[in-house]
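Welcome! Take a moment to look over the chain below, and then we can walk through it together.

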Amino acid sequence: MASSPRRLSRPRDNRWIAGVCSGLGRRFGLGAGMVRLLFVLSCLLPGPQVLLYIVLWILLPNEERYSTAY
């Protein structure tokens, strides 16, 4: 059985600011801390990293929670 790929979304748990790094980590099989570290290190280089983070914050949907209450 092939498992379906995880959808790119911002999880409701394990967030620091907006959940973008945590969502990227889940999607690509990395830890949220590793993605956060890579983001901070990338900010040392010139480029639009912060703008990209803000755009992803706006575009990525929140992870849906399914209610187990009946």
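Which residue just after H1 takes a positive phi? Gly29 does, with a phi of about 75°. Before going further, please note that this is a predicted model, in which local features need pLDDT of at least 70, side-chain atom pairs count only at pLDDT 80 or more, and totals for chains, interfaces and linings use all residues. Residues are numbered from 1 along each chain as its sequence is written, and side-chain values use heavy atoms, with hydrogens and water left out.

Let us start with the helices. Helices (H or I, at least four residues) and strands (E, at least two) are DSSP runs, numbered from the N terminus. In H1, the residues Val20, Cys21, Ser22, Gly23 and Gly25 are buried. Here buried means under 20% relative accessible area, exposed means over 50%, and partly exposed lies in between (1.4 Å probe, protein chains only). These buried residues of H1 pack against H2 and helix H3 (49-59).

Between H1 and helix H2 (32-42) runs a loop that holds Leu30. With a relative accessible area of 44%, Leu30 is partly exposed. Beyond residues up to four places away in sequence, Leu30 touches Gly25 and Val35, where contact means heavy atoms within 4.5 Å.

Val35 also belongs to the largest nonpolar core, whose 6 residues are Ala18, Val20, Cys21, Val35, Tyr53 and Leu60. A nonpolar core is a set of buried Ala, Val, Leu, Ile, Met, Phe, Trp, Tyr and Cys residues joined through side-chain atoms within 4.5 Å.

Now turn to Arg10, in the segment before helix H1 (20-28). Is Arg10 buried or exposed? Arg10 is buried, because its relative accessible area is 9%. Its side chain reaches the backbone oxygen of Ala18 at 2.9 Å. Leaving aside neighbours within four places in sequence, Arg10 is in contact with several residues, including Gly19, Val20, Trp57, Leu60 and Glu63.

Finally, an unreviewed UniProt entry lists residues 37-60 as "transmembrane region". UniProt positions follow the numbering used here, feature names are shortened, and annotations may be inferred rather than shown by experiment. Over residues 37-60, the chain is 71% helix and 0% strand, with the end C-alpha atoms 20 Å apart.

Key: A polar contact is a pair of N or O atoms within 3.5 Å; within protein, one must be able to donate a hydrogen and the other to accept it, and residues adjacent in sequence count only if both atoms are side-chain atoms.
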